[in-house]
Amino acid sequence: SVGTTVVTIADFSTWAVKTTDLTEIDVVNIKQGQKVIISLDALPDVKLTGTVDAIGQTFAEKQGDIVYEVTVVLNDTNPDLRWGMTAEVKFTK
């Protein structure tokens, strides 16, 4: 029927993580190219590295906060990594 997804095409050659909770106070301290460390809830012993690829110019409102999306491209991966996993992103200085 109309609006039903028939197929999803995904490219798993490069992985990206998108934040959903960087407030206006936090986002001004993030720079493109900045290094990050990613921890996955499902794989607590795995630490992945990444680089800030893009910083959203527009905002969203989430539970009364103004938040911005930041896209991080992973530098490495893990065979157990799956699309949609929850991640914690720590920005290095």
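A residue is called buried under 20% relative accessible area, exposed over 50% and partly exposed in between, with a 1.4 Å probe and protein chains only. By this scale V6, at a relative accessible area of 79%, is exposed. The model is predicted, so local features need pLDDT of at least 70 and side-chain atom pairs count only at pLDDT 80 or more, while totals for chains, interfaces and linings use all residues. Residues are numbered from 1 along each chain as its sequence is written, and side-chain values use heavy atoms, leaving out hydrogens and water.

V6 lies in the segment before strand 1 (16-18); strands are DSSP runs of E with at least two residues, numbered from the N terminus. Together with V7 and I9, V6 forms a nonpolar surface patch with about 400 Å² of accessible area.

The description now turns to aromatic rings. A pair of aromatic rings is described by the distance of the centres and the angle of the planes. Rings of Phe, Tyr and Trp (its six-membered ring) pair if their centres lie within 6.5 Å; planes under 30 degrees apart are stacked, over 60 edge-to-face, and the rest tilted. The structure holds two such pairs. F12 and W15 form a tilted pair, 5.3 Å centre to centre with 35° between the planes. W15 is buried at 17% relative accessibility, whereas F12 is partly exposed at 45%.

F12 also pairs with W83: the centres are 5.8 Å apart and the planes stand at 80°, so this pair is edge-to-face. Because F12 lies in the segment before strand 1 and W83 in the loop between strand 5 (65-74) and strand 6 (87-91), the pair ties together parts 71 residues apart in sequence. W83 is exposed, at 58% relative accessibility.

Terms used:
Patch = residues over 30% accessible without salt bridge, like charges linked within 9 Å, V, L, I, M, F, W, Y side chains within 5 Å. Areas by Shrake-Rupley, 256 points an atom, 1.4 Å probe, with all protein chains shown as cover. Salt bridge = Lys/Arg side-chain N within 4 Å of Asp/Glu carboxyl O. Helix = DSSP H or I, 4+ residues; strand = E, 2+ residues; numbered from the N terminus.
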